[in-house]
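Subject: Structure handover and side-chain notes

Hello,

Here is the structure you were to receive, followed by notes on its side-chain interactions. Please keep it open while you read.

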Amino acid sequence: QVQLVESGGGLVQSGDSVKLSCLISGRSANSLIVSWFRRAPGKGREFIGRIGGSGTSDYNDDLRREGRFAISRDNAKSTVYLQVNDLRPEDTAKYYCAADIYAGAYSYWGQGTQVTVAT
């Protein structure tokens, strides 16, 4: 059974950076495509980006243009990361990782980690 556990969230200040982690267990990490989503208060789920087993990543077009988000992975540590720079209050959300062996599918989800950006 694949399990995903996010960590690294918390209360941060505007302009700070945060690096969230998604620890994968139950399956070889490099066999999974891992995506990051977020859900802000009162809003729907937003796709941030994803990374394949070999490290190729792609992002939500709008967020890619901002240039503040970066997804990476360390398969030896079974961990995928989401770095968010220059945090803004509108980045306040619960951030989730999801995984599957197929792109665009999300069979496995973590419980999420909350990021709150103070003004």
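Rings of Phe, Tyr and Trp (its six-membered ring) are paired here if their centres lie within 6.5 Å; planes under 30 degrees apart are called stacked, over 60 edge-to-face, and the rest tilted. The structure holds 5 aromatic pairs. One of them joins Phe37 and Trp109, a tilted pair with 5.1 Å from centre to centre and 40° between the planes. Phe37 lies in strand β4 and Trp109 in strand β10 (residues 108-109), so this pair ties together parts that are 72 residues apart in sequence. Helices (H or I, at least four residues) and strands (E, at least two) are DSSP runs, numbered from the N terminus.

This is a predicted model: local features need pLDDT of at least 70, side-chain atom pairs count only at pLDDT 80 or more, and totals for chains, interfaces and linings use all residues. Residues are numbered from 1 along each chain as its sequence is written, and side-chain values use heavy atoms, with hydrogens and water left out.

For accessibility, buried means under 20% relative accessible area, exposed over 50%, and partly exposed in between (1.4 Å probe, protein chains only). Phe37 is buried at 4%, while Trp109 is partly exposed at 33%. Trp109 also pairs with Tyr96, edge-to-face, at 6.5 Å centre to centre and 75° between the planes. Phe37, Phe47, Tyr96, Tyr106 and Trp109 form one aromatic cluster.

Two charged side chains sit over rings (NZ of Lys or CZ of Arg within 6 Å of the ring centre and within 35 degrees of the ring normal). Arg45 lies over the face of Phe37, 4.9 Å from the ring centre.

Next, the disulfide (a pair of cysteine sulfur atoms within 2.5 Å). The count is 1: Cys22 and Cys97, with sulfur atoms 2.1 Å apart. Cys22 lies in strand β3 (residues 18-25) and Cys97 in strand β9, so the link ties together parts that are 75 residues apart in sequence. The link is right-handed, with 75° about the S-S bond, and both cysteines are buried.

Salt bridges (a side-chain nitrogen of Lys or Arg within 4 Å of a carboxyl oxygen of Asp or Glu) number 8. One of them joins Arg38 and Asp91, at 2.9 Å from N to O. Arg38 lies in strand β4 (residues 33-39) and Asp91 in the loop between β8 (79-84) and β9 (93-100), so the pair ties together parts that are 53 residues apart in sequence. Arg38 is buried at 8% relative accessible area, and Asp91 is buried at 0%. Both belong to a network of salt bridges that links Arg38, Glu46, Glu66, Arg68, Arg88 and Asp91.

Asp58 and Arg50 form another salt bridge, with the closest N and O atoms 3.0 Å apart. Asp58 is partly exposed at 31%, as is Arg50 at 23%. Arg64 bridges to Asp61 at 2.7 Å between the closest N and O atoms; both lie in helix α1 (residues 61-66), 3 residues apart, about one turn of the helix.

Regards
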